[in-house]
Amino acid sequence: MNFLDLVKKRQSDRKYTDQPVEREKIERCLEAARLAPSASNSQPWEFIVIEEPKLREKLANATFSDLVRFNRFVPSAPVLVVLTSWRPKLHIVLGGILKNRQFNLIDVGITAEHFCLQAAEEGLGTCMLGWFNTHKVMKLLDIRRPQKPVLIFTLGYSGHKTIREKKRRNIDDIRRYIS
Ligand SMILES: Cc1cc2nc3c(=O)[nH]c(=O)nc-3n(C[C@H](O)[C@H](O)[C@H](O)COP(=O)(O)O)c2cc1C
């Protein structure tokens, strides 16, 4: 697929069918994520793939509450993937302090999008979730600091029939050439 078409095809899918996701498709998404660039090639991430229904349900329930309800669709996803970040190496932390940048979060964002674009290429839907109960997720998956969950992806065959038009800022508002 043409890359720009793939970018347009990826969208946050918030409805899934029951169709199971083939393991080899998940593996290709992880491979695309593995090849992502990172500051000093530090690759400060781990992907935890949860297929097991009971654990998946508990994890899904950690992404919404009575007050914050927008992630109530999450239990419909047949696979959840938790993306964790490690504390980066000391020289990257120091570089980040000097430059006022959190390189490991930039790295995690890049690998996350590699994962989601490969999923779109595989005909799968995803939604990145930044809203979840960190403490509950760490407890459920036995994640210990300095490792920390940063994002959760829903993964599955989309229940949406169409690709929504992207709502984005106008190109004139986001780019500036200096020629
Ligand atoms: C870091 C991050 C966190 C997000 N967290 C959530 C979330 O908790 N729940 C949700 O439904 N969507 C979440 N989204 C999806 C965004 O709402 C979505 O990407 C944005 O509205 C653009 O829509 P699109 O992905 O369909 O193009 C998140 C996206 C990003 C990049």
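Guide: By class, seven nonpolar, four polar and five charged residues form the shell around the ligand. Ala, Val, Leu, Ile, Met, Phe, Trp, Tyr, Cys and Pro count as nonpolar, Asp, Glu, Lys and Arg as charged, and the others, Gly among them, as polar. This is a predicted model, in which local features need pLDDT of at least 70 and side-chain atom pairs pLDDT 80 or more, while totals for chains, interfaces and linings use all residues. Residues are numbered from 1 along each chain as its sequence is written, and side-chain values use heavy atoms, leaving out hydrogens and water.

Visitor: Which residues come nearest to the ligand?

Guide: A residue is near a molecule if one of its heavy atoms lies within 4 Å of it. Of the 16 residues around the ligand, the nearest are Ser12, Arg14, Asn71, Arg164 and Arg168.

Visitor: Which N or O atom of Arg168 is 2.7 Å from an oxygen atom of the ligand?

Guide: A polar contact is a pair of N or O atoms within 3.5 Å. For Arg168, the atom at 2.7 Å from a ligand oxygen belongs to the side chain. Trp131 instead places a backbone N or O atom 3.2 Å from an oxygen atom of the ligand.

Visitor: Is Ile97 buried or exposed?

Guide: Buried means under 20% relative accessible area, exposed over 50%, and partly exposed in between (1.4 Å probe, protein chains only). Ile97 counts as exposed because its relative accessibility is 62%.

Methods
A polar contact is a pair of N or O atoms within 3.5 Å; within protein, one must be able to donate a hydrogen and the other to accept it, and residues adjacent in sequence count only if both atoms are side-chain atoms.
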